[in-house]
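Here's a quick briefing on side-chain contacts, meant to be read with the model open. Grab your viewer and follow along.

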Amino acid sequence: LMRALRELGAMLKLTVFLLLTPVLITNTIGSSSEAFAVDGLVPFLTKIFESQFGLTASMASLLTGVAIIFGVVGGILFSSWLIKKRDVHGARLAKYTAGIALGASVFITCFLVRCPSLQIVGATRPYATGPRSL
């Protein structure tokens with residue numbers, strides 16, 4: 001029992017230390033804000049591609065998957081190269097992360113700009129004779 005209490009006390013001390021570390025907090029806020037924007041958009045990304053570019057659902061899904069995979073891999077490789085080239089560590093890395101996350105959040109709003117919606121029978125335009133029952 002005493003050992004468990006000592007371990008709990010050490011864990012609480014380390015938790016407070018982590019919460020008071022500015023680099024961790026900055027990285028967490030930057031990553032959270034970017035994830036909030038991106039995760040809110042991803043479920044609708046296929047529909048956005050369908051309506052903006054006139055694609056079928058399967059082609060829009062395929063292109064969405066390809067874009068996400070290349071975006072993730074390209075982002076990891078580019079950021080690794082940039083960190084190594086600039087020799088970035090600690091607080092400077094946290095500032096880069098927060099700046100890039102803020103920039104990504106701003107550019108995500110580009111998807112809110114839209115063209116006139118497509119006329120889809122049953123969704124944006126009523127049926128000519130009313131909905132048919134099976």
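## Side-chain contacts at a glance

E7 comes out as partly exposed, at 47% relative accessibility (buried is under 20% relative accessible area, exposed is over 50%, and partly exposed is in between, using a 1.4 Å probe and protein chains only). Keep in mind that this is a predicted model, where local features need pLDDT of at least 70 and side-chain atom pairs count only at pLDDT 80 or more, while totals for chains, interfaces and linings use all residues. Residues are numbered from 1 along each chain as its sequence is written, and side-chain values use heavy atoms, with hydrogens and water left out.

**Salt bridges**

- The structure has two salt bridges, each defined as a side-chain nitrogen of Lys or Arg within 4 Å of a carboxyl oxygen of Asp or Glu.
- E7 pairs up with R3, and their closest N and O atoms sit 3.3 Å apart.
- R3 and E7 are four residues apart in helix α1 (residues 2-19), so about one helical turn separates them; helices here are DSSP runs of H or I with at least four residues, numbered from the N terminus.
- R3 itself is exposed, at 60% relative accessibility.
- K47 bridges to E50, with 3.8 Å between the closest N and O atoms.
- Those two, K47 and E50, are three residues apart in helix α2, so they too are about one helical turn from each other.
- K47 is exposed at 55% relative accessibility, whereas E50 is buried with a relative accessible area of 16%.

**Aromatic pairs**

- There are two aromatic pairs, counting rings of Phe, Tyr and Trp (its six-membered ring) whose centres lie within 6.5 Å; planes under 30 degrees apart are stacked, over 60 edge-to-face, and the rest tilted.
- F49 and F53 make a tilted pair, 5.9 Å centre to centre with 55° between the planes.
- Both F49 and F53 belong to helix α2, four residues apart, or about one turn of the helix.
- F49 is buried, with a relative accessible area of 15%, but F53 is exposed at 54%.
- F78 and W81 make a tilted pair, at 5.9 Å centre to centre and 35° between the planes.
- F78 and W81 sit three residues apart in helix α3 (residues 57-86), so they are about one helical turn from each other.
- W81 is partly exposed, at 47% relative accessible area.

**Nonpolar core**

- The largest nonpolar core is made of five residues: L41, L45, I48, F49 and A60. Such a core is a set of buried Ala, Val, Leu, Ile, Met, Phe, Trp, Tyr and Cys residues joined through side-chain atoms within 4.5 Å.
- Helix α2 (residues 22-53) is the top contributor to this core, with four residues.
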